[in-house]
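Here is a short report on a protein model. Please read it with the structure open.

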Amino acid sequence: MRQRGLLPCALLPAINVLCVLCLSPASFSPTSEQNLEGQEIFRDDTAESHHHSKEYIEINPLKKLPSLKDGKFILSESVAILFYLCRKYSTPSHWYPPDLHTRARVDEFMAWQHTAIQLPMSRILWIKMLIPRITGEEVPAEKTEQMLTEVRTNMQLFEEKFLQDKMFITGDHISLADLVALVEMMQPMGGNYNVFLNSSRLAEWRMRVELAIGSGLFWEAHDRLMKLAEWDCSTLDPMVKEKICVLLQKFR
Amino acid sequence: MGLELYLDLLSQPCRAVYIFAKRNGIPFELRPVELRKGQHLSDAFAQVNPLKKVPALRDGDFTLTESVAILLYLNRKYKVPDHWYPQDLQACARVDEYLAWQHTTLRRNCLRALWHKVMFPVFLGEPVSPEMLAATLAELDATLQLLEDKFLQNKAFLTGPHISLADLIAITELMHPVGAGCQVFEGRPKLAAWRQRVEAAVGKDLFQEAHEVILKAKDSPPADPIIKQKLMPRVLAMIQ
């Protein structure tokens, strides 16, 4: 099990990529890279079964990604990890503005998005791509339509309540809220579903966030997700496959 | 106009906000929003929160939703004791971790337990199959185990030696199935002992006052048919 080093804020999207890595093929090929501060960091190409392994469970008993390990300190939950990194590395204040009201807006979005954005977006990926791919069966059309309607409704709420006519959620500058919003909304792309098609305002915001992060870094972080369609799922652990077949039954 | 809190103590996150504000002597105007009468769906309330949910906060021109955000806002604005949301980097991260985790786990399961056991049959007149109820209670049970094993462990409170926002959010969630008649603390001595500590830290009187409404949930009068129609789609979305 490779130990994760610390990621500077510029590489924050990579943390969210780790969430996607649980969907990657059963091969372990660690990569190491230098971050901006010249520290060596390891990214873990963890497979479905790998983050259920004994070693990983010691790091994160919840068996989920992402996880941070800083010496003996272990932390899960991407929102908590992002706040921790901002504070520890005194990142530029626009990421988590100190102004009482502006900060509250970031907190508000970060809380709302768990059920309104993250969960539904992840469901689309499962319903449209992963379940059919793994089980060979489609999810009933009625359920799919229900899911897509929920996503459309929440995207509308996001536009009307959080983004409105601003450049970014908090105003003129990108913050953690935009970062989290966008990486969650990118999830369905792994299943070829683009949630930005219906609104030019959202599509423009998406581009602004990508540019603020840097297109190179943005697409590097999303590389695995975008290649999900090429995944050879025959290498998937049969026990995991069985769990997913059970999941399919819940949609019937 | 000072601070206004739009609350219905039937709702778990409302209880957390109410207890926090009262415990810390934060002056506010209570604006009751009766969920069972559909008041959250009114045009008037939509002016306060277009998402039509409670809790909501209004502080002059500034409105805020989401209990976690509201608690953090009150925490910062009113300079409350440090233990609620510690300055220490790692202690604070522990609280953040719990507050993030609970949305789709404990909150969801506690909500489902209340609605499947009590609110659907009693308030909405909609029966729930024994299989569905059993499945919901089993999920709740599994989450309670996680709460004990991953968060509480052998500590006095969820994130350390002192009560924090995490404990407040958690305890108010757990009172939901308690209000439904589920014996959440039975056979869980660690959790029961934690509950006593949290109650003591909050103050027994305040704790009881905040939970009067939920403890009478089983006595909810049946919903008005017109209101029931308006409520159903939102309830179904809320507990999925």
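Helices and strands here are DSSP runs, numbered from the N terminus; a helix (H or I) has at least four residues and a strand (E) at least two. The model is predicted.

With that numbering, Pro55(B) sits in the loop between α2 (43-48) and β3 (56-59) of chain B.

## The interface between the chains

How many residues of chain B are in contact with chain A? The number is 27, and they touch 30 residues of chain A. About 2,700 Å² is buried between chain B and chain A. Carbon and sulfur atoms give 66% of that area. Three residues, Leu51(B), Arg76(B) and Leu89(B), supply 19% of what chain B buries against chain A, more than any other three residues.

Polar links cross the interface too. There are 10 residue pairs in polar contact between chain B and chain A, with both residues at pLDDT 80 or more. On the chain B side, β4 (62-65), α3 (67-77), α4 (89-101) and α6 (130-152) each supply at least two residues. Among these elements, α4(B) gives the most, with 9 residues. By type, the chain B side divides into 14 nonpolar, 6 polar and 7 charged residues.

## Salt bridges between chains

The count between chain B and chain A is 2 salt bridges. One salt bridge joins Arg87(A) to Asp96(B), with the closest N and O atoms 3.1 Å apart.

## Salt bridges within chains

Over all chains, the whole structure holds 26 salt bridges. Side chains of opposite charge can pair when their charged atoms come close.

In chain A, Glu145(A) and Arg152(A) meet at 2.9 Å, N to O. Glu145(A) is partly exposed, at 41% relative accessible area. Arg152(A) is also partly exposed, at 36%. Another chain A pair is Arg201(A) with Asp165(A), whose closest N and O atoms are 2.6 Å apart. This pair links distant parts of the chain, 36 residues apart. Arg201(A) lies in helix α7 (residues 200-213), and Asp165(A) in the loop between α5 (141-163) and α6 (176-186) of chain A. Is Asp165(A) buried or exposed? Asp165(A) is exposed, because its relative accessible area is 71% and the cut-off for exposed is over 50%. Arg201(A) is partly exposed, at 27%.

In chain B, Lys37(B) and Glu34(B) form a salt bridge at 3.4 Å, N to O. Glu34(B) is partly exposed, at 36% relative accessibility. Elsewhere in chain B, Glu4(B), Glu29(B), Arg31(B) and Arg58(B) are linked in a network of salt bridges.

Glu77(A) has phi near 75°, a positive value in a residue other than glycine. Glu77(A) is placed in the loop between β4 (73-76) and α3 (78-88) of chain A. Its relative accessibility is 19%, so Glu77(A) counts as buried, the cut-off being under 20%.

Gln153(B) is not a glycine either, and its phi is positive, about 50°. Gln153(B) falls in the loop between α6 and α7 (165-179) of chain B. At 36% relative accessibility, Gln153(B) is partly exposed.

## An annotated region

An unreviewed UniProt entry annotates residues 88-222 of chain B as "domain: GST C-terminal". That span is 70% helix and 0% strand. Its end C-alpha atoms lie 48 Å apart.

Definitions and conventions. Residues are numbered from 1 along each chain as its sequence is written. Chains are lettered from A and ligands numbered from 1 in the order in which they are written. Side-chain values use heavy atoms; hydrogens and water are left out. Contact means heavy atoms within 4.5 Å. Buried area is the accessible area (1.4 Å probe) that two parts lose on being put together, summed over both. A salt bridge is a side-chain nitrogen of Lys or Arg within 4 Å of a carboxyl oxygen of Asp or Glu. A polar contact is a pair of N or O atoms within 3.5 Å; within protein, one must be able to donate a hydrogen and the other to accept it, and residues adjacent in sequence count only if both atoms are side-chain atoms. Ala, Val, Leu, Ile, Met, Phe, Trp, Tyr, Cys and Pro count as nonpolar, Asp, Glu, Lys and Arg as charged, and the others, Gly among them, as polar. UniProt positions are given in the numbering used here, feature names are shortened, and annotations may be inferred rather than shown by experiment. Buried means under 20% relative accessible area, exposed over 50%, partly exposed in between (1.4 Å probe, protein chains only).
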